[in-house]
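Please read them alongside the sequence and the coordinates.

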Amino acid sequence: MTMNKDYAVFAANKAVELLNIDSPTGFTKKASAWVSKAFEEFGYSTKITNKGAVIIDFGGKDSEEGAVLFEAHTDTLGAMVTEVKGDGRLKITRIGGLMACNVETENVNIYTRDGKVYEGTIQLENASSHVNKDLASTERTFDNIEVVIDEMVKDADEVRALGIETGDFVCPNPRAHVTASGFIKSRFLDDKLSVATLLGFAKFIKDEKIELKRHVYAMVTVYEEVGHGGAASIPEGITEAISVDMGCVGNGLNCKEHQVSICAKDSGGPYDYDVTDKLVKAAKKEGADYAIDIYPFYGSDVEATLSAGYDIRHGLIGPGVYASHGYERSHVDGVYATLLVLKGYLGI
C-alpha cells in the first residue's frame with residue numbers, strides 16, 4: 001500500500017493551526033483540547049489525563065509483540081513574568097530552553113489570570129541604537145531583556161491596574177508559515193509539527209480503512225520541555241514507545257530538513273538497538289529519505305517514560321528541523337519521510 005504525499009501537506013497545514021495556539025509548558029489546556037478534537041474528528045477515542053496529556057487509541061489487534069506507543073508533545077518554550085518593574089516594563093523568566101538571544105525584538109502575548117491578553121515586545125534594556133553605544137556588544141540574558149507592554153503605562157501600579165502580575169505567561173509569536181516551496185517555518189515546530197504528523201498518519205489509517213496488526217496508541221504530552229512529559233499515564237500493554245520529535249539539523253550532523261532523523265543516541269544514552277534497527281529497516285523498505293544521528297544535547301519523552309520505571313523499548317524519530325529552539329525550519333518532505341517510517345514500522 002502506498003501513501004500519498006498529500007498527507008504530509010495536510011500535516012503541515014494542521015501544524016500551522018496548532019502553532020497559532022499559545023501553549024508554553026504549564027499553559028497547554030487550549031492546545032490539548034485542539035489535539036483531542038482533531039483526532040476525534042477522524043473517529044478516534046481520546047482521553048485527556050489529569051496532567052493534561054492527550055491519549056489517542058488508534059486501535060489494532062492484540063499481538064504477542066505488545067502494543068506500540070507514539071509520543072509527541074504540544075507544550076513549547078515560553079516565558080513567565082517574574083517582576084513588574086518600576087518603569088512599567090516586565091522582567092521575565094524562561095520556560096524550558098528559551099534563549100534570550102533568540103527572542104529579542106519578538107512580539108509576545110501576555111496572558112493575565114482574569115482572562116485578558118495584552119501585546120508587547122521583548123527588547124534589550126535601553127534598546128535604541130542612537131542612545132546605547134554598547135547595543136551591539138551586550139550579551140543578551142534574561143537579566144537584561146524585558147517586555148515592553150503595548151499599553152500606555154509608565155509605572156508598576158499602572159501595569160498592575162491592567163491585571164498583569166508576576167506569574168503571568170508570556171508567549172512569543174510563532175510566526176508560522178508554509179512557503180510555496182514546501183518549507184515550514186515557525187517557532188515551536190518542536191514539537192507541534194510532529195503532533196500534526198501523527199494526525200496526518202491517523203488520517204491515512206482512517207482513509208485507507210487499515211486494520212493495524214498491533215494495538216497502537218499515541219500520547220501528546222504537555223511537560224516535555226521541562227523533562228517529565230512522558231513520565232505518567234502510559235496505556236497498559238505497551239512494549240515499545242517511539243518519540244516522534246524533531247530531528248536536529250546542524251554542523252557535524254547528517255540530517256537535513258527534507259529528511260527523517262533516526263536518533264541512535266542522545267544525552268540520555270543510546271536508544272534501544274532493536275527498535276532503532278527496525279526504524280532503519282522501515283525507512284529502507286519504504287524508500288524514505290533518512291539520516292542516522294547522535295544528539296549530545298537532546299532529551300525526549302520516551303526517556304522520561306523509562307526514567308519513570310516503565311519496562312519498554314524506546315526509539316526516536318522526527319522530521320529534520322533547523323535552528324532548534326529558535327525560529328525553526330523544516331520541510332514537507334521531512335514530514336513525508338517521517339510518515340513513511342511510521343507506516344513501515346507498523347508493517348502497513
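A residue is called buried when its relative accessible area is under 20%, exposed when over 50%, and partly exposed in between. The model discussed here is predicted.

1. Helix 5. This helix covers residues 189-207 and so counts 19 residues by the DSSP assignment. From first C-alpha to last, helix 5 reaches 26 Å, close to the 27 Å expected at 1.5 Å a residue. By the cut-off given above, 16 of the 19 residues of helix 5 are buried, and the helix is mostly covered. Just after helix 5, Lys-209 takes a positive phi of about 55°.

2. Salt bridges overall. Side chains of opposite charge can pair when their charged atoms come close. The cut-off applied is a side-chain nitrogen of Lys or Arg within 4 Å of a carboxyl oxygen of Asp or Glu. With this rule, the model has 21 salt bridges. Three of them are taken up in the next points.

3. Lys-14 and Glu-17 form a salt bridge, with 3.3 Å between the closest N and O atoms. Both residues belong to helix 1 (residues 6-19), where they are 3 residues apart, about one turn of the helix. An α-helix has 3.6 residues a turn, so residues three or four places apart point the same way. Are the two partners buried or partly exposed? Lys-14 is buried because its relative accessible area is 17%, whereas Glu-17, at 38%, counts as partly exposed.

4. A pair between helix 6 and a loop. Lys-278 and Glu-65 meet through their side chains in a salt bridge of 4.0 Å, N to O. This pair links distant parts of the chain, 213 residues apart: Lys-278 is in helix 6 (residues 273-286), and Glu-65 is in the loop between strand 2 (54-59) and strand 3 (67-73). Lys-278 has a relative accessibility of 27% and therefore counts as partly exposed. Glu-65 is partly exposed as well, at 42%.

5. A pair between two strands. In the salt bridge of Arg-313 with Glu-240, the closest N and O atoms are 3.0 Å apart. Here too the pair links distant parts of the chain, with Arg-313 in strand 18 (residues 313-322) and Glu-240 in strand 13 (residues 238-244), 73 residues apart. Arg-313 is partly exposed, with a relative accessible area of 33%. Glu-240, at 6%, counts as buried.

6. A network. Which residues are linked in a network of salt bridges? They are Glu-65, Arg-214, Glu-240, Lys-278 and Arg-313.

7. Cavities. A search of the whole structure finds 2 cavities of 30 Å³ or more. The largest cavity holds about 40 Å³ of space. Its lining includes Leu-19, Ile-21, Asp-22, Phe-188 and Lys-192, and by class the lining residues are 8 nonpolar, 2 polar and 2 charged.

8. The second largest cavity. This cavity has about 30 Å³ of space. Its lining consists of Thr-49, Lys-51, Ala-53, Gly-229, Ala-232 and Ser-233. By class, these lining residues are 2 nonpolar, 3 polar and 1 charged.

Terms used
Residues numbered from 1 in each chain as written. Predicted model: local features only at pLDDT ≥ 70, side-chain atom pairs only at ≥ 80, totals over all residues. Heavy atoms only, no water. Helix = DSSP H or I, 4+ residues; strand = E, 2+ residues; numbered from the N terminus. Expected span 1.5 Å × (residues − 1). Buried < 20%, exposed > 50% of the residue type's maximum accessible area, 1.4 Å probe, protein only. 1 Å grid on protein atoms, 1.4 Å probe; cavity = no way out; pocket = protein on both sides within 12 Å on 5 of 7 lines; lining within 4 Å. Points joined across faces, edges and corners; volume = space filled by probe spheres on them. Nonpolar A, V, L, I, M, F, W, Y, C, P; charged D, E, K, R; others polar.
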